[in-house]
Amino acid sequence: MKLFTRLYGSVMTWASHPHAGYYLGGLSFAESFIFPIPPDVMLIPMTVAKPAHAWRFALLTTITSVLGGVLGYFIGAFAFESIEPWLQASAYWPEFETTRAWFDEWGVWVIFVTGFSPIPYKLFTITAGLLSLAILPFVLASFVGRGARFFLVAGLLRYAGPKFEPWVRKYVERIGWLTVVVLVVMIIYFRYFH
């Protein structure tokens, strides 16, 4: 059974779909305030499938992500009471508390760092609104942080992706199962030993 080989083929087909840009934009927008899957899962295969469009994909991902972040900001500013019970019941509550502490210590710089990092950006967009962070610094830090991340990913794949794609296609099954093993080990470690 070649699970990851089939999945890889499907993702590459979706990445070449004429409406893939809309899906990438929608995913980037939703991830910034509610959706748990980062836009990199579409940005990467789309850039590998069409390296000449790398900068356009990165710009689309950045703009829609920041727009989603602005919606997250307004959710935090005006509707936090309606999502607070869900947030407390979810696994995100301890991270949310940490986020508030980080804002108290570092202010707008937190947005820049989380925009670039794999830390859930949505927690910071909502918290920024809840704590009434000034909107203009929030948007600028989001644009710079998110843009740096997505343009870096797209740039690396534009130049290196076509060279590595045949290697990835050849070893995708091993890479996929290795990733699953690493994730399971990490979950066990953080759940029982950390």
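This is a predicted model: local features need pLDDT of at least 70, side-chain atom pairs count only at pLDDT 80 or more; totals for chains, interfaces and linings use all residues.
Residues are numbered from 1 along each chain as its sequence is written.

Helix packing comes first. Helices (H or I, at least four residues) are DSSP runs, numbered from the N terminus. Two packed helices are described by the angle between their axes and the distance between the axes. Axes are lines fitted to C-alpha atoms, for helices over the stretch in contact, and angles run from 0 to 180 degrees between N-to-C directions. Helix H2 (residues 20-31) packs against H3 at an angle of about 150 degrees. The axes of H2 and H3 are 9 Å apart. H2 is therefore roughly antiparallel to H3 (angles over 145 degrees). The crossing of the two is left-handed, a term for a near helix turned anticlockwise from the far one by less than a right angle; clockwise is right-handed. Contact means heavy atoms within 4.5 Å. On the H2 side, Ala20, Gly21, Tyr23, Leu24 and Leu27 meet Val41, Met42, Leu43 and Met46 of H3.

H3 also packs against helix H4 (residues 54-78). Here the angle is about 165 degrees, and the axes lie 9 Å apart. H3 and H4 are therefore roughly antiparallel as well. Their crossing is right-handed. Leu43, Met46 and Thr47 of H3 meet Ala54, Phe57, Ala58 and Thr61 of H4.

Asp40 belongs to H3, which spans residues 40-49. With a relative accessibility of 12%, Asp40 counts as buried. Buried means under 20% relative accessible area, exposed over 50%, and partly exposed in between (1.4 Å probe, protein chains only). Neighbours within four places in sequence aside, Asp40 contacts Pro45, Arg149, Phe150 and Val153.

Aromatic rings were examined next. A pair of aromatic rings is described by the distance of the centres and the angle of the planes. Rings of Phe, Tyr and Trp (its six-membered ring) pair if their centres lie within 6.5 Å; planes under 30 degrees apart count as stacked, over 60 as edge-to-face and the rest as tilted. The whole structure holds 11 aromatic pairs. In one of them, the rings of Trp93 and Phe96 have centres 5.1 Å apart and planes at 35 degrees, so the pair is tilted. Trp93 and Phe96 are three residues apart in helix H6 (residues 93-106), and are thus separated by about one helical turn. Both Trp93 and Phe96 are buried. The rings of Phe103 and Phe124 also form a tilted pair, with centres 6.0 Å apart and planes at 45 degrees. This pair links distant parts of the chain, with Phe103 in helix H6 and Phe124 in helix H8, 21 residues apart. Phe103 is buried at 7% relative accessibility. Phe124 is buried at 1%. Elsewhere, ring pairs join Tyr73, Phe74, Phe78 and Phe138 into a cluster.

A charge also meets a ring. The charged end of Arg146 sits over the ring of Tyr121, 4.2 Å from its centre. The criterion is NZ of Lys or CZ of Arg within 6 Å of the ring centre and within 35 degrees of the ring normal.

Most residues other than glycine have a negative phi. Ser132 is not a glycine, yet has a positive phi of about 55 degrees. Ser132 is found in the loop between helix H8 (121-130) and helix H9 (135-192). Ser132 is exposed, at a relative accessible area of 58%.

How values were computed:
Side-chain values use heavy atoms; hydrogens and water are left out. Angles under 35 degrees count as roughly parallel, over 145 as roughly antiparallel, 65 to 115 as roughly perpendicular and the rest as oblique.
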